[in-house]
Amino acid sequence: HIGLSTLTYLFSGAIIHRDSTGANQAILPGEVNLMTAGRGVVHSERGTEAVDLIERNTEGKRILHGMQCWLALPRELEDCDPSFHHMGKESLIDVSKDVTISGEIT
């Protein structure tokens, strides 16, 4: 990738992130990975390598549920150095009680 950042958050399951910055990091529910590609990064995110970290649900299944947001970097940052940052859930602030959703999600 070039010229973008990705923010990864898991609700359940686990994945292993590896990239050309040298990062090799498991991400678990409630944690955040932020990878900035900048001038270029090669990476992989694999759930199969983290399968032993995933607890089984009541039906005995392992579930991987998360989201990844791709963020275009501003033109002046498109050629920045690649980087990777992991934030454990203990370092994050829970703002869910401060969020209001209007409408209906179906």
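This is a predicted model: local features need pLDDT of at least 70, side-chain atom pairs count only at pLDDT 80 or more; totals for chains, interfaces and linings use all residues.
Q: How many salt bridges does the count come to?
A: Residues are numbered from 1 along each chain as its sequence is written, and side-chain values use heavy atoms, with hydrogens and water left out. A salt bridge here is a side-chain nitrogen of Lys or Arg within 4 Å of a carboxyl oxygen of Asp or Glu. By this rule the count of salt bridges comes to 1.

Q: Which residue forms a salt bridge with R39?
A: Side chains of opposite charge can pair when their charged atoms come close. In the pair that R39 forms, the closest N and O atoms are 2.1 Å apart, and the partner is D81.

Q: How many residues apart are R39 and D81, and where does each one sit?
A: Strands are DSSP runs of E of at least two residues, helices are runs of H or I of at least four, and both are numbered from the N terminus. R39 lies in the loop between β4 (32-36) and β5 (43-46), while D81 lies in the loop between β6 (65-72) and β7 (83-87). The pair links distant parts of the chain, with a separation of 42 residues.

Q: Is D81 buried or exposed?
A: Buried means under 20% relative accessible area, exposed means over 50%, and partly exposed is in between (1.4 Å probe, protein chains only). D81 has 53% relative accessibility, so D81 counts as exposed.

Q: Which residues does D79 touch, not counting those up to four places away in sequence?
A: D79 is another residue of the loop between β6 and β7, and at 61% relative accessibility D79 counts as exposed. From C-alpha to C-alpha, D79 is 9.6 Å from L4, although 75 residues separate the two in sequence. With contact meaning heavy atoms within 4.5 Å, D79 touches G38 and R39.

Q: What is the strand order of the open sheet of 4 strands?
A: Strands of a sheet pair through backbone hydrogen bonds, either parallel or antiparallel. Here two strands pair if DSSP finds at least two bridges between them. The edge strands are β6 and β7, each pairing on one side only. The pairing is antiparallel, and the order is β6-β1-β4-β7.

Q: Which residue of β6 is the bridge partner of Y9?
A: Strand β1 (residues 4-12) pairs with β6 in the antiparallel sense over 8 bridges. Strand β1 is also joined to β4 by 5 bridges, where T8 has N33 as its bridge partner. On the β6 side, the bridge partner of Y9 is M67.

Q: Which residue in β7 stands opposite M35?
A: Strands β4 and β7 run antiparallel and are joined by 5 bridges. In β7, the residue opposite M35 is F84.

Q: How are the rings of Y9 and F11 arranged?
A: Rings of Phe, Tyr and Trp (its six-membered ring) pair if their centres lie within 6.5 Å; planes under 30 degrees apart count as stacked, over 60 as edge-to-face, and the rest as tilted. The count by this rule comes to 1 aromatic pair. Y9 and F11 have 5.1 Å from centre to centre and 75° between the planes, an arrangement that is edge-to-face.

Q: Which strands stand at the edges of the sheet of 3 strands, and why is one side of each left without a neighbour?
A: This open sheet has the order β3-β2-β5, with antiparallel pairing. Strand β2 (residues 15-19) pairs with β5 over 4 bridges, and I16 stands opposite R46 in β5. Each edge strand has a single partner strand, so one side is left without a neighbour in the sheet; these strands are β3 (24-27) and β5.
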